[in-house]
There are 2 protein chains.
Amino acid sequence: VSAAPALVAVDWGTSNFRALLLDGEGRVLDRREAPRGILAVAGGAFADVLAAEIGPWLAGGRLPVLMSGMIGSRQGWIEAPYAATPAGLSDLVAALAVAPFAQADVHIVPGLRTEAAGRHDVIRGEETQVFGALAALGIQSGSFLLPGTHSKWVRAESGKVVGFTTYMTGELFAAARDHTILGRLMPDSRPSDDAFRRGVEHGAAPGGPGALLSRLFGVRTAGLFGDIPGEALADYLSGLLIGAEIADAAPAHDAPVRVIASHALAEHYRNAATMLGLAVEVLPADCIVAGYRTIARAAGLV
Amino acid sequence: VSAAPALVAVDWGTSNFRALLLDGEGRVLDRREAPRGILAVAGGAFADVLAAEIGPWLAGGRLPVLMSGMIGSRQGWIEAPYAATPAGLSDLVAALAVAPFAQADVHIVPGLRTEAAGRHDVIRGEETQVFGALAALGIQSGSFLLPGTHSKWVRAESGKVVGFTTYMTGELFAAARDHTILGRLMPDSRPSDDAFRRGVEHGAAPGGPGALLSRLFGVRTAGLFGDIPGEALADYLSGLLIGAEIADAAPAHDAPVRVIASHALAEHYRNAATMLGLAVEVLPADCIVAGYRTIARAAGLV
């Protein structure tokens, strides 16, 4: 067992840059984080940013660098085109993109695309977390939920990602709270389990897609009539959207659905899922490390 | 038949002030419009604004003034509390609020509230349009659609408003376009009937309330994959939301649903409704005039 550096893994997203220095066993030797997401990199100077952030790790010699996230999008450094589902490790490896960088070989994990009912969907970054979770759990099949700005429900079978669905839950929550009349009745928000639970119940109730448009107005009337205190309305809105999301997604997935998220968000989803009869299991957020290691191995980088 | 002024009718909303000088037959003798909605009136100086706008009409003597809209809300001049459904003309009249104004007697039409499945809904201003439409058409029952920022579907029976549902369609469209990732792919929008129709079809397809959250993300992928040209994505989004709204609301209403809206908006809804097999009839937008006249008569003001 060696503690010698073997791989640099970089999660380079829209807002943040996160790098890990790993040894051959996937242990974290060092880490760097900076608010230098791709939107904060001026003039395409990705190589300069990377050199500044991980340069010291490369002082002792070349190391393979494996990246995932929006760095591989059209707005990133080098586009790593989406690989189509079903996609296994070998498909990811075959679609790795190479970025020009003098001090190291830099590979970028492609995102995935899928199609259902004539409509496309995409993930970018979450594929690395899912392959990491499969490896960490030692399983080949299962369902994964990666909630957030864009909530992703991913299904794996026989070691391949076979499909997924994106819900704009987090982003719609923020847009509704900050840029519609609903926010006017939410001056000082405080957490409210009760309001969240009522939201989940109302959001998951039967109805068509358009019912969400009327239930959103119901957040306003719940405030107007004092059904829910103003400071709890944001949690009611959150529950409404998360309840609708889970009720729509759950039938296509087998329990337990594995949730990969920060602690607070994972607890919100766990509570809502439990209310709606869906068994979930919250995974440690660091399963992305196993993803980098697994992909790097399959690619022969380590 | 006299052309003598008999009534001042004021539609005083959030953003705009619109006043009509009517004769005893409901004919419009004069009109005033100003961007002096209730949010633009500083320090509660509603009486000053009203005097400035309609003062000249009162030079020849006192006239009754009848107002509707947000001027009767908690943020307005005097609160005219919501009357409960079922609500007929006599219920509106009984709930008229009186505002303090030296030069004339000022009455404010109350909004309406309803309750379904334990949740409240409200309208304020639309009740006057609906009673005007009933009077203008000479009917006692029917369904009305008043689309816009908040789209209202209103059902009348035996001369009373018996229920209604609000959809946040217009406001959610604006929030999604202007404040989410969806707007990034919509640099220069141009009208596209084709994209709108595809949106209606996708928005009205079967699914649960949460399906709207994934279909919204589909606006992004439709742009990413070139399924719909960038300049047509806004119309696709509009169709998606309007299609979802109509599919959800239509089953609770009898055709023809009467649409009260500006020309362009009414045509969008007419096209979408026709696609979805719902017969609609677009009413002239000035049916609100008949509403003021009908309510004023019932109140003995004219």
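Visitor: How many disulfides does the structure hold over all chains?
Guide: The structure holds zero disulfides over all chains, a disulfide being a pair of cysteine sulfur atoms within 2.5 Å. This is a predicted model, in which local features need pLDDT of at least 70, side-chain atom pairs count only at pLDDT 80 or more, and totals for chains, interfaces and linings use all residues. Residues are numbered from 1 along each chain as its sequence is written, chains are lettered from A and ligands numbered from 1 in the order in which they are written, and side-chain values use heavy atoms, with hydrogens and water left out.

Visitor: And A:Cys287, buried or exposed?
Guide: A:Cys287 is buried, at 6% relative accessible area. B:Cys287 also counts as buried, at 5%. Buried means under 20% relative accessible area, exposed over 50%, and partly exposed in between (1.4 Å probe, protein chains only).

Visitor: How many salt bridges cross the interface?
Guide: The rule finds zero between chain B and chain A; a salt bridge needs a side-chain nitrogen of Lys or Arg within 4 Å of a carboxyl oxygen of Asp or Glu.
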